[in-house]
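Subject: Structure handover

Hello,

Here is the structure you were expecting.

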Amino acid sequence: MCTAGAAALVSGCTEAKPQFQAVDLTGADYAKDFQLTDQNGQVRTLKDFKGKLVVLFFGYTQCPDVCPTTMAELAQARKLMGPDGEKVQGLFVTIDPERDTPELLKAYMGNFDPSFLALRGSPEQLAAIAKDFKVFYKKVDGKTPGTYTMDHSAASYVYDTQGRLRLYTRYGSGPQALASDLKLLLQNG
């Protein structure tokens, strides 16, 4: 028990804050929920994943590097966690609903992990969620109309098992760092 006479030991009276490798967003007042349709036609919200850690990434299937690397790292992080990897839900929100059909999204997720879900919405829904999540995306015209690319933010949001936004994981942090942070979240709520 802490006493006033033990002021030098005050740090022993408070809970130590977990030392995440990602940016700690605990208490953020944005990116609190979404309502989008998954690749199987089911409407999803964050509440659907209560009890699991959620790692949410915005990208598109035609992305040449950032998106497949991020999804592969998430799949590898789940494997590094052993049995606890089952407590992690990967979500991919397409920023290209024009080309990313449910069938294409289903096949794309299958390349990484069969448990991952891809979410899509109308252009209006996407604009609203991107604003709420502070995500940048922009269509970049190609040589022909169907060959455009998408510039976009390259980070993932991590939610704890209660659906609270906790971490912002930068692109390229690696699967070990992500697995470590996810384990810390499981241990500390």
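The structure holds zero disulfides, a disulfide being a pair of cysteine sulfur atoms within 2.5 Å. Cys 63 is in no disulfide, and the nearest cysteine sulfur, that of Cys 67, is 3.2 Å away. That distance is too far for a bond. Cys 63 is buried, with a relative accessible area of 8%, and Cys 67 is buried too, at 0%. (Buried means under 20% relative accessible area, exposed over 50% and partly exposed in between, with a 1.4 Å probe and protein chains only.)

This is a predicted model, in which local features need pLDDT of at least 70 and side-chain atom pairs count only at pLDDT 80 or more, while totals for chains, interfaces and linings use all residues. Residues are numbered from 1 along each chain as its sequence is written, and side-chain values use heavy atoms, with hydrogens and water left out.

Now the helices, which are DSSP runs of H or I with at least four residues, numbered from the N terminus. Helix α1 (residues 66–80) packs against helix α4 (residues 175–188) at an angle of about 55 degrees, and their axes are 8 Å apart. Axes are lines fitted to C-alpha atoms over the stretch in contact, and angles run from 0 to 180 degrees between N-to-C directions.

In α1, Glu 73, Leu 74, Gln 76, Ala 77 and Leu 80 meet Pro 175, Gln 176, Leu 178, Ala 179 and Lys 183 of α4, where contact means heavy atoms within 4.5 Å.

Regards

Notes. Helices (H or I, at least four residues) and strands (E, at least two) are DSSP runs, numbered from the N terminus.
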